[in-house]
Amino acid sequence: MEKLKNTAPLRSNEVDVYVMAFGGKGFTGMVRERMKVCKILWDAGIKAEFSYKLKPKLPAQFKAADVNGVPFAVILGEDEEKAGKVKIKELGLPEGHPEKDGVMVNKPDLVREVRSRLEKQGATDSVTASMDELVVEDSKNPTKTGDDGV
């Protein structure tokens, strides 16, 4: 049972990426840009979502991703948009991790980078997936399973 504590948490949905945006004074919300990035990810077979609010606050977007167990965020900013870049951030990394603040990538490399990160994470998630098939019995009080129920 101790070994199970070190595995990845169970996710409440299958979304892999939460697309969010932030900006300073005069922030437009970048809803069209968020939609475009989601479409790029969807077309590549990557499960993504975004806040449908026009001007969502960044903390609320992070909370939505966290509550739903989404492992990655793609963060858009107005300056980054002008430069043709986005930030990919793995959510839940500990303080001091070299990628805690995310990694800036060129937009054309977005799908490749997200896939690569999902594949790396998939190696650890396979442990969680195989746990779904486990049956835990109390050796002192084994239960009978089968067609008769209990």
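How many helices and strands make up the secondary structure of the protein? There are four helices and five strands. The model is a predicted one. Along the sequence, the elements follow the order β-α-β-α-β-α-β-β-α.

Consider the chain as a whole. The protein has 150 residues, and 31% of them are buried. Its accessible surface comes to about 10300 Å². Carbon and sulfur atoms account for 55% of that surface. Contacts also reach across the sequence. Take those between residues at least 6 apart: 61% of them join residues at least 24 apart.

Begin with Met30. Strand 1 spans 17-22 and helix 1 spans 31-43, and Met30 is found in the loop between them. Its phi is positive, about 50°, although Met30 is not a glycine. Most residues other than glycine have a negative phi. Is Met30 buried or exposed? Met30 is buried, with a relative accessible area of 2%.

Now turn to Glu80. This residue lies in helix 3, which covers residues 78-83. Glu80 is buried, yet it has no salt bridge. Which side chain of opposite charge is nearest to Glu80? That side chain is Lys87, 5.9 Å away. What does Glu80 touch, leaving aside residues up to four places away in sequence? Its contacts are Phe22, Lys85 and Met104.

Definitions and conventions. Residues numbered from 1 in each chain as written. Predicted model: local features only at pLDDT ≥ 70, side-chain atom pairs only at ≥ 80, totals over all residues. Heavy atoms only, no water. Helix = DSSP H or I, 4+ residues; strand = E, 2+ residues; numbered from the N terminus. Buried < 20%, exposed > 50% of the residue type's maximum accessible area, 1.4 Å probe, protein only. Lys, Arg positive; Asp, Glu negative; His and termini not counted. Salt bridge = Lys/Arg side-chain N within 4 Å of Asp/Glu carboxyl O. Contact = heavy atoms within 4.5 Å. Areas by Shrake-Rupley, 256 points an atom, 1.4 Å probe, with all protein chains shown as cover.
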